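Take a look at the side chains in this model.

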Amino acid sequence: FLIMSIKSEIRISRCLAKAGLASRREAEKLILDGRVTLNGKTVVEPWRNCTKKDLLKLDGIIVSQSISTSLHALHKPRGYLSTSKDALGRKTIFDLIDGRLQHLMIIGRLDYNSEGLMILTNNGELKRYLELPKNKFERVYKVKIRGHLTNSNLTEIERGLSLEGLNYKPIVARVLESKKSYSWIEMVLTEGKNREIRKILASFNLTVVRLIRNTFGPFKLDNLQTGESKKLKLEDFSFLKNFWTEID
């Protein structure tokens with residue numbers, strides 16, 4: 001049983017997310033798919049609420065509301081997908097971690113060929129909070145490119161630009177190292193649109209050779225080795241304490 005304390009009334013989808021069973025959006029889909037019952041009756045309205053006196057079940061199993069929040073950092077290598085399974089049988093980040101962590105959700109995915117810091121959690125609400133662009137959590141990337149950024153390229157990146165109908169917010173960018181045929185640059189984003197850095201640099205005819213995420217919000221890659229993961233201490237991130245749920 002998953003045990004969680006609910007304060008008065010809470011939306012069922014939020015309750016499932018706090019229990020680490022799904023993100024808020026996924027939880028709404030579970031409800032719409034008729035997999036959730038409240039006091040023995042199937043719930044089909046995603047906006048329904050429950051209290052701690054109610055009996056909530058997912059697929060017939062009691063969700064007696066949440067396990068403690070857990071957080072893990074992973075140093076993702078290139079050549080792994082940020083997903084739990086792949087129809088083509090390609091390697092995923094879950095091939096790198098302990099089988100007991102297979103139910104964790106990914107905060108801020110990385111492309112197949114990107115590498116660096118990934119954070120995994122069982123707390124759907126925390127995932128949503130850290131990923132929402134309005135909360136402005138910085139993601140810091142170190143990027144190796146073939147060629148060089150011009151000053152006008154840097155200006156455009158820092159102003160924000162539109163590509164193929166998508167608006168990209170301003171990105172802080174600086175050149176770290178410039179060699180004859182390649183450069184290393186640092187880019188600081190506060191949102192993470194799909195393949196954002198690669199698309200922006202491609203618009204300047206620059207090819208990304210390596211893309212490494214070093215920081216996501218309060219979390220840092222530090223000296224975590226490629227392919228390694230570690231459990232993070234919740235007390236090190238006390239400003240997120242509203243999301244910690246203790247076992248009753």
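Cys50 is buried, with a relative accessible area of 1%. Buried here means under 20% relative accessible area, exposed means over 50%, and partly exposed lies in between, with a 1.4 Å probe and protein chains only. The sulfur of Cys50 has its closest cysteine sulfur in Cys15, at 4.4 Å. That is too far for a bond. Cys15 is buried as well, at a relative accessible area of 0%. A disulfide needs two cysteine sulfur atoms within 2.5 Å. Searching the whole structure gives zero disulfides.

A word on the basis of these values. This is a predicted model: local features need pLDDT of at least 70, side-chain atom pairs count only at pLDDT 80 or more, and totals for chains, interfaces and linings use all residues. Residues are numbered from 1 along each chain as its sequence is written, and side-chain values use heavy atoms, with hydrogens and water left out.

Now the rings. A pair of aromatic rings is described by the distance of the centres and the angle of the planes. Rings of Phe, Tyr and Trp (its six-membered ring) pair if their centres lie within 6.5 Å; planes under 30 degrees apart count as stacked, over 60 as edge-to-face, and the rest as tilted. How many aromatic pairs does a search of the whole structure find? It finds three.

One of them joins Phe137 and Phe239. This pair is tilted, 6.5 Å centre to centre with 40° between the planes. It links distant parts of the chain, 102 residues apart. Phe137 sits in the loop between helix 3 (124-131) and strand 10 (139-146), and Phe239 in the segment after strand 17 (229-231). Helices (H or I, at least four residues) and strands (E, at least two) are DSSP runs, numbered from the N terminus. Phe137 counts as buried at 10% relative accessibility, whereas Phe239 is partly exposed at 48%.

Phe219 and Phe237 form another tilted pair, 4.6 Å centre to centre and 55° between the planes. Phe219 lies in strand 16 (residues 219-220) and Phe237 in the segment after strand 17, so the pair ties together parts that are 18 residues apart in sequence. Both Phe219 and Phe237 are buried.

Ring pairs also build a cluster from Tyr129, Phe137 and Phe239.

Charges come last. A charge sits over a ring if NZ of Lys or CZ of Arg is within 6 Å of the ring centre and within 35 degrees of the ring normal. The charged end of Arg90 sits over the ring of Tyr112, 5.9 Å from its centre. Lys144 lies over the face of Tyr182, at 4.4 Å from the ring centre.
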